[in-house]
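Have the structure open and follow along.

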Amino acid sequence: MSFRRAVRLMCGVASGSAVLVYAASEAESRGYFGETQGKQQWFKTGFAVIHAAQPSAWLSGNNSVQPSGNGWDTNWDKRDPASLVNGKKKESSGDGDLVAEVENKPKATRHILLIRHSQYNLSGSEDKERFLTMLGREQAELTGQRLSVLGMKYDILVHSSMTRATETANIISKHLPGVDLLSCDLLREGAPIKPVPSVGHWKPDAVYHEDGARIEAAFRRYIHRADVKQKEDSYEIIVCHANVIRYFVCRALQFPPEGWLRMGLSNGSITWLTIRPSGRVALKVLGDSGFMPPDKLTWT
């Protein structure tokens with residue numbers, strides 16, 4: 001094996017640097033190594049450089065990224081059975097009664113489908129003028145068709161009270177006969193929390209302070225595990241806005257909520273959250289719009 005090839009192999013095995021390979025190649029081509037002893041000395045030095053460049057976890061034999069240290073909060077929705085037992089009852093009741101009450105756990109899974117509204121008139125100066133465009137109405141029809149063919153038994157369709165979300169929900173509703181419609185002001189669009197990294201379009205702190213509290217209230221109302229009284233799995237649709245959905249996803253997965261702006265959602269897309277009886281959350285789909293033809297996709 002040539003010296004140059006050996007150096008490349010060494011760097012490849014160590015996930016090393018192209019600079020080191022280049023330096024070794026240059027040194028050999030210019031005759032800097034001379035005798036075999038010189039090459040051996042360079043190998044020794046080269047390995048030291050590669051060793052210093054590796055993360056300490058890799059050097060210990062663990063070649064995986066280390067956990068962040070932020071554990072999963074099992075009572076994130078404040079509905080863990082143990083936390084619902086009355087404190088006074090704990091003091092007065094016998095251990096048997098307390099155990100029986102704690103073991104009365106949720107058994108149903110909640111499926112929450114978050115739908116972003118369709119394309120709307122961006123030139124509107126107020127909400128009532130920000131109605132759906134013709135393309136937006138087509139998108140809502142396609143989303144309704146998609147939800148219908150999924151064949152799930154939907155329990156309710158909740159939507160933001162803003163015009164574009166209300167119109168989107170009404171069109172979707174035509175494809176889901178028998179599903180009740182409910183409007184909610186908490187789901188209106190807003191700025192949930194200052195994004196990190198920051199963005200160019202500035203908003204006063206008061207905007208985040210007010211919108212954030214409302215959107216967090218919406219999260220607490222709609223995103224949680226099933227009640228103990230719920231016997232069957234539920235499928236609920238929420239038609240709202242990109243900022244609200246992205247914030248919900250971060251909060252539900254216990255990711256840093258300030259990362260909400262790092263995700264993009266197309267108009268009429270479907271995001272699917274599953275919440276198990278134990279409180280475990282899974283993101284089954286994020287911003288699915290594969291059911292739309294490419295010429296119908298927008299991100300306004």
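Start at Thr-143 and look at what surrounds it: leaving out neighbours within four places in sequence, Thr-143 is in contact (heavy atoms within 4.5 Å) with Ile-115, Ile-172, Gly-268, Ile-270, Phe-291 and Met-292. A word on the ground rules: this is a predicted model, where local features need pLDDT of at least 70 and side-chain atom pairs count only at pLDDT 80 or more, while totals for chains, interfaces and linings use all residues. Residues are numbered from 1 along each chain as its sequence is written, and side-chain values use heavy atoms, with hydrogens and water left out.

Back to Thr-143, which sits in helix α7, residues 134–149; helices here are DSSP runs of H or I with at least four residues, strands are runs of E with at least two, and both are numbered from the N terminus. Thr-143 counts as buried because its relative accessibility is 1%. For that label, buried means under 20% relative accessible area, exposed means over 50%, and partly exposed is in between, using a 1.4 Å probe and protein chains only.

Now for the charges. Side chains of opposite charge can pair when their charged atoms come close. The structure holds nine salt bridges, each a side-chain nitrogen of Lys or Arg within 4 Å of a carboxyl oxygen of Asp or Glu. Glu-138 is partly exposed, since its relative accessible area is 35%.

Next, head for Glu-216. Arg-220 forms a salt bridge with Glu-216, with 2.8 Å between the closest N and O atoms. Both residues lie in helix α9 (residues 205–222), four residues apart, or about one turn of the helix. Glu-216 counts as buried because its relative accessibility is 12%, whereas Arg-220, at 57% relative accessible area, is exposed.

Glu-216 also forms a salt bridge with Arg-251, again with the closest N and O atoms 2.8 Å apart. Arg-251 lies in helix α10 (residues 242–252) and Glu-216 in helix α9, so the pair ties together parts that are 35 residues apart in sequence. Through shared partners, salt bridges join Glu-216, Arg-220 and Arg-251 into one network. As for Arg-251 itself, a relative accessibility of 22% makes it partly exposed.
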